[in-house]
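Reader: I would like to go through the labels attached to this model. For each one, please set the value against its cut-off.

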Amino acid sequence: MQKVVEEAINLLNKIFSERFDDFHGLYLYGVFTDGKNHRDEDIELVAIFDVENKYKRELIWPIVGKVETDLDVFIDLHPITMEELQKDEDFYDEVVNQGIFFGV
């Protein structure tokens with residue numbers, strides 16, 4: 001896997017686990033799951049929380065923005081609960097069954 005993708009995931013996992021007691025980890029899905037460098041592609045991530053709401057999103061986006069700026073990457077992050085993820089069968093399959101989980 002591309003080093004910068006791993007670095008972004010590790011940073012987000014560390015920061016989210018420090019700031020949110022209900023954070024469980026990140027799923028990497030999409031093109032970067034093949035471990036190759038994909039220039040100009042977003043790093044597609046799903047962040048699993050027990051509770052996902054507007055307040056939490058307001059705290060998350062500045063963190064994601066800083067990681068994007070520091071690492072010069074684009075991150076497409078979906079904060080969601082596992083229950084909500086399971087309601088969308090196609091997205092669930094793409095994320096959980098085809099993606100890679102990075103727990104805390």
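Reader: What makes the contact between the side chains of Glu 52 and Arg 57 a salt bridge?

Author: The model is a predicted one. The N to O distance between the side chains of Glu 52 and Arg 57 is 2.5 Å. The limit for an Arg nitrogen and a Glu carboxyl oxygen is within 4 Å, so the pair qualifies. The structure holds five salt bridges.

Reader: Why is Glu 52 called partly exposed?

Author: Glu 52 has a relative accessible area of 26%. Buried means under 20% and exposed means over 50%, so a value in between is called partly exposed. Arg 57, at 29%, is therefore partly exposed as well.

Reader: How do you know that Lys 66 and Asp 70 form a salt bridge?

Author: The closest N and O atoms of Lys 66 and Asp 70 are 2.8 Å apart. The cut-off is 4 Å, so the contact counts. Both residues lie in helix α2, four residues apart, which is about one turn of the helix.

Reader: What makes Lys 66 exposed?

Author: The relative accessible area of Lys 66 is 51%. Exposed requires over 50%, so the label applies.

Reader: What makes the side chains of Lys 56 and Asp 22 a salt bridge?

Author: Lys 56 and Asp 22 have an N to O distance of 2.6 Å. Within 4 Å is the requirement, so this pair passes too.

Reader: Where in the chain do Lys 56 and Asp 22 lie?

Author: Lys 56 is in helix α2 (residues 54-71), and Asp 22 is in the loop between α1 and β1. They are 34 residues apart, and the pair links distant parts of the chain. Both Lys 56 and Asp 22 are buried.

Reader: Turning to the rings, how many aromatic pairs does the structure hold?

Author: It holds seven aromatic pairs. One of them joins Phe 16 and Phe 23, with 5.4 Å centre to centre and 80 degrees between the planes.

Reader: Why is the pair of Phe 16 and Phe 23 called edge-to-face?

Author: A pair of aromatic rings is described by the distance of the centres and the angle of the planes. For Phe 16 and Phe 23 these are 5.4 Å and 80 degrees. Phe 16 and Phe 23 are both buried.

Reader: What makes the pair of Phe 20 and Phe 49 edge-to-face?

Author: The ring centres of Phe 20 and Phe 49 are 5.5 Å apart and the planes stand at 85 degrees, so this pair is edge-to-face. Phe 20 is in the loop between α1 (3-19) and β1 (23-29), while Phe 49 is in strand β2 (residues 43-49). Phe 20 and Phe 49 are buried, and ring pairs link Phe 16, Phe 20, Phe 23 and Phe 49 into a cluster.

Reader: Why does Leu 77 count as buried?

Author: Leu 77 has 5% relative accessibility. The limit for buried is under 20%, so the label follows. Leu 77 is in strand β3.

Reader: Why does Tyr 27 count as buried?

Author: Tyr 27 stands at 10% relative accessibility, and the cut-off is again under 20%, so Tyr 27 is buried. Its place is in strand β1.

Reader: What is the phi of Asp 72, and what makes it worth a mention?

Author: Asp 72 has a positive phi of about 55 degrees although it is not a glycine. Most residues other than glycine have a negative phi. Asp 72 is in the loop between α2 and β3 (75-81). At 69% relative accessibility Asp 72 is exposed, because exposed means over 50%.

Reader: Which residues gather in the patch of negative charge on the surface?

Author: The patch consists of Asp 88, Glu 89, Asp 90, Asp 93 and Glu 94. Asp 93 lies in helix α4 (residues 89-97).

Reader: Why is Asp 93 called partly exposed?

Author: Asp 93 has a relative accessible area of 31%. This falls between the limits of 20% and 50%, so Asp 93 is partly exposed. Patch members need over 30%, so Asp 93 passes that cut-off too.

Definitions and conventions. Residues are numbered from 1 along each chain as its sequence is written. This is a predicted model: local features need pLDDT of at least 70, side-chain atom pairs count only at pLDDT 80 or more; totals for chains, interfaces and linings use all residues. Side-chain values use heavy atoms; hydrogens and water are left out. Patches are made of residues with over 30% relative accessible area and no salt bridge: like charges are joined within 9 Å, nonpolar side chains (Val, Leu, Ile, Met, Phe, Trp, Tyr) within 5 Å. Accessible areas come from the Shrake-Rupley method with a 1.4 Å probe; for residues, only the protein chains shown count as cover. Lys and Arg count as positive and Asp and Glu as negative; His and the chain ends are not counted. The place of a charge is taken as NZ of Lys, CZ of Arg, CG of Asp or CD of Glu. Helices (H or I, at least four residues) and strands (E, at least two) are DSSP runs, numbered from the N terminus. Buried means under 20% relative accessible area, exposed over 50%, partly exposed in between (1.4 Å probe, protein chains only). Rings of Phe, Tyr and Trp (its six-membered ring) pair if their centres lie within 6.5 Å; planes under 30 degrees apart count as stacked, over 60 as edge-to-face and the rest as tilted.
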